[in-house]
Amino acid sequence: FISIRLIQQFVKSNPSPAYINRVATVFNNNGQGVRGDMGAVIKAILMDPEARDCSNIDTYNSGKFLQPIERFTIIWNAFDVSTPSGRYYLRDQSEFGILLEQDFLRAPSVFNFFSPFYAESENVAPMDLVSPEFQIFHSTSSIYYLNLLELKIKNTAFNNRTLSSGNSNFLTVNPNDVPELDYSVQENIYSTQGLSALIDHLNILLCRGQMNSSTKSIIENAITSYENNISTYEARNAVEDAIYFIIATPAFNILK
């Protein structure tokens, strides 16, 4: 039970029985007669051939859908989010928790934000597979995710609540302590090497190199159209649009 749940969280939604058995074996005995050594268990999960061997990428049961919090933190980490004060206070419940149905440490029950047994009915369930994270991805949360992340990419990473109102237990948004994403590396690549090089770079940084050529062409064509038709279109605009388009693709959202 523990092995299945942890593999689903770290690597893939539908691990093979052999993968589960290898991890469960380590849970039962870490090699030194110790049962329940979580360090050894996590290592076994992440270093297993089913997690590491690229030949598994295109198998029908490969991958997992990134959770909303994971998608946001990937962006913040990839572009080195920083604040003038060096302090960070994100009130995630009010910014995206309600409509994305996930915020830090606020699962609606002890069973997490979604069921590990949930299976999308049209394509997943008929194959006797599960798709847990898709339970909180629907017509409302999917659109809100795209709109909100565009706002965070192109404007403010999040509202930084580091301003004291006189009550030490209550902080408000600080207009002088705005979080910023650093796109300097990406702007330099675009300016010196071109749009194609920028997309290739972002493919590695955000998609683990798994974006296909068709998706890349669609994104390049859209940005090229902007370049040709918007006189004020600059490197910063190209980088922001490229990131926004990429975060809407399966290559970014499905971890393999």
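**Cavity, rings and cysteines**

Student: Which helices each supply at least two residues of the lining of the largest cavity?
Tutor: Helices are DSSP runs of H or I, at least four residues, and strands are runs of E, at least two, both numbered from the N terminus. On a 1 Å grid over the protein atoms alone, a cavity is a set of points where a 1.4 Å probe fits but cannot get out; lining residues have an atom within 4 Å of a point. The helices asked for are H5 and H7 (139-154).

Student: What pLDDT do local features need in this predicted model?
Tutor: Residues are numbered from 1 along each chain as its sequence is written, and side-chain values use heavy atoms, leaving out hydrogens and water. In this predicted model, totals for chains, interfaces and linings use all residues, side-chain atom pairs count only at pLDDT 80 or more, and local features need pLDDT of at least 70.

Student: How much space lies in the largest cavity?
Tutor: The whole structure has one cavity of 30 Å³ or more. Its lining includes Arg71, Phe137 and Tyr145. A volume is the space filled by probe spheres set on the grid points, joined across faces, edges and corners. Here that comes to about 30 Å³.

Student: Which residue lies over the face of Tyr145?
Tutor: A charge sits over a ring if NZ of Lys or CZ of Arg is within 6 Å of the ring centre and within 35 degrees of the ring normal. The distance here is 4.4 Å from the ring centre. The residue is Arg71.

Student: Why is the pair of Phe79 and Tyr183 edge-to-face?
Tutor: Rings of Phe, Tyr and Trp (its six-membered ring) pair with centres within 6.5 Å; planes under 30 degrees apart are stacked, over 60 edge-to-face, the rest tilted. The structure holds 10 such pairs. The centres of Phe79 and Tyr183 are 5.2 Å apart, and the pair is edge-to-face because the planes stand at 75°.

Student: Are Phe79 and Tyr183 buried or exposed?
Tutor: Relative accessible area decides (1.4 Å probe, protein chains only): under 20% is buried, over 50% exposed, in between partly exposed. By contrast, Phe134 is partly exposed at 29%. Phe79 and Tyr183 are both buried.

Student: How far from Cys54 is the nearest cysteine sulfur?
Tutor: A disulfide needs two cysteine sulfur atoms within 2.5 Å, and the structure holds zero disulfides. Cys54 is exposed at 57%, whereas Cys207 is buried at 0%. The nearest cysteine sulfur to Cys54 is that of Cys207, and the separation is 15 Å.

Notes. 1 Å grid on protein atoms, 1.4 Å probe; cavity = no way out; pocket = protein on both sides within 12 Å on 5 of 7 lines; lining within 4 Å.
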